[in-house]
Amino acid sequence: MLIQIPPASSSRESDVTPESVYLSRRSLLAVAGGLAATAALPRVARAEVSRYADVESVAAPTWFGEKLAGTRWQAVTAGDEVLTPFEDASHYNNFYEFGPDKGDPARNASQYKVEPWSVLVDGEVAKPGRYSLDDLFKPQQLEERIYRLRCVEAWSMVIPWLGFSLGDFLSRVEPTGQAKFVRFETIVDRERMVGQSSSFSLIDWPYVEGLRLDEAMHPLAILAVGMYGRVLPNQNGAPLRLVVPWKYGFKSIKSIVRISLTREQPKNTWQALAPNEYGFYANVNPAVDHPRWTQAHERRLPSSLFSPNVIPTRLFNGYDEVASLYSELDLRKNY
Ligand code: MTE
C-alpha cells in the first residue's frame, strides 16, 4: 500500500533536525567516538547506523539486514522537532516484564534472546497461522517513521522507528467480516523476564493491548522492528512492537507473540488494572486529565530540574488526521 505522508504530521525531509546535527552542537567528541565504533560492522549496518551519531553498533539479524538496504528513509517526518537522543530512548523505558523502574529494561533485557521468534495469528482471519519473522517481513517495505511518543505519565520523545504498515500486514492475513478488533499479546517467559517472576508485580501476564480494526488499519499504525537505523534494542520491544503515535505509549505493546482478530473489544492490561485511570482508547488528549495529574502538558526528554523542557500536549499527539476515526465518540467517556 502506498503510504500518503499525512498532512498534520508531515513536513519536508529538510525540516527535521537530524540527530547527528543536534548532537554535534553538544558533543563533537562523542560523535567522533560513535562513528569510529561503527567501523567494524558489516556493510549494510555500518552505512545506516551512521545516520545516527550516538547509536551503538550492533550486528543486524539477517532478516533485518536484508530489508534495511531497501528502506524508505524518512517516509514520515516530525516537522521541526528535534529527535530524542538514542541514549534516552533506550535507557528511559517502560517494559514491566523487565522491572518497574525506568532503567530496569535496559539493565535486565540486554541478554534476552529474541531469536528464533514467531507470531501466532488467529481468530477472525482467513489465513491464521504461525508466522516467522522472515514470513512477516518478506513482502513488507521497511520504512522510517519519525513519530512523537507521548506517555500517559506526561513525558514524551521523538523517535525514528523502522517498521512496516500494520494495515498491510492485516490485509495479508485477511480479516473476516466478523473481525471488529485486534488483540495483541506479549511473550510470557517467567524464567527469563524478572518482572514477570516478581511476586510484587500486579500485572496479570501476558501484557495485552487492543485496537479497533479501523484504528489498526490507519496508515499511521506500524509494527516496528528497528529504531535509529538499527534493529530494536530488547528494552524497546524487540523483535516486534506496535507503534500507534496518536495514543498514549502504553498502547504500543512490545515483543508481540500473538495477534488475534476478535469480535469483542479486548481488555487491555492497564484498563484491567485501573479502569478509572486507563481506558481502551487512550487517545492523547490534553482536555481529559488523568485522575491524578494533568494531561495538558508534557516533559519532552531529555529534561532536567534546571531545564524541564515542558511543552503543551496536543490532541491526538498532533496527528489530526485520525480525528475522523472518533467523530461519533465522546472522548471524555471513552478515554
Ligand atoms: N509493552 C509491554 N509488553 N510491557 C510494558 O510494560 N509499557 C508500555 C509500552 N509497551 C509496556 C509495553 C508503556 S507504559 C510505554 S510508555 C511504552 O511501551 C514505552 O516504550 P519505550 O520504552 O520504547 O519508550
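Colleague: Why is arginine 258 called partly exposed?

Modeller: In this predicted model, arginine 258 has a relative accessible area of 29%. Buried means under 20% and exposed means over 50%, so arginine 258 falls in between and is called partly exposed.

Colleague: What makes the contact between glutamate 185 and arginine 258 a salt bridge?

Modeller: The N to O distance between their side chains is 3.7 Å. The cut-off for a salt bridge is within 4 Å, so the pair qualifies. Glutamate 185 lies in strand E6 (residues 181-186) and arginine 258 in strand E11 (residues 256-262), and the two are 73 residues apart. Glutamate 185 has a relative accessible area of 13%; buried means under 20%, and glutamate 185 is therefore called buried.

Colleague: How do you know that glutamate 143 and arginine 72 meet in a salt bridge?

Modeller: Their side chains come to 3.0 Å, N to O, and the limit is 4 Å, so the contact counts as a salt bridge. The pair links distant parts of the chain: glutamate 143 belongs to strand E4 (residues 143-150) and arginine 72 to strand E1 (residues 72-76), 71 residues apart.

Colleague: What makes E1 and E4 a pair of strands?

Modeller: E1 and E4 are joined in the parallel sense over 2 bridges.

Colleague: Why is the pair of glutamate 209 and lysine 251 said to tie together separate parts of the sequence?

Modeller: Glutamate 209 lies in strand E7 (residues 208-212), whereas lysine 251 lies in the loop between strand E10 (241-243) and E11, so the parts tied together are 42 residues apart in sequence. Their side chains meet at 2.6 Å, N to O, and both residues are buried.

Colleague: How many salt bridges does the structure hold, and which residues are linked in a network of them?

Modeller: The structure holds 20 salt bridges. The network links Glu81, Arg148, Arg150, Glu298, Arg300 and Arg314.

Colleague: Where are the cis peptide bonds at proline 206 and proline 302?

Modeller: The bond from tryptophan 205 to proline 206 is cis, with omega near 5 degrees, and proline 206 sits in the loop between helix H9 (194-197) and E7. The bond from leucine 301 to proline 302 is cis, with omega near 0 degrees; proline 302 is in the loop between strand E12 (297-300) and strand E13 (310-312).

Notes:
Residues are numbered from 1 along each chain as its sequence is written. This is a predicted model: local features need pLDDT of at least 70, side-chain atom pairs count only at pLDDT 80 or more; totals for chains, interfaces and linings use all residues. Side-chain values use heavy atoms; hydrogens and water are left out. Helices (H or I, at least four residues) and strands (E, at least two) are DSSP runs, numbered from the N terminus. Buried means under 20% relative accessible area, exposed over 50%, partly exposed in between (1.4 Å probe, protein chains only). Two strands pair if DSSP finds at least two bridges between them.
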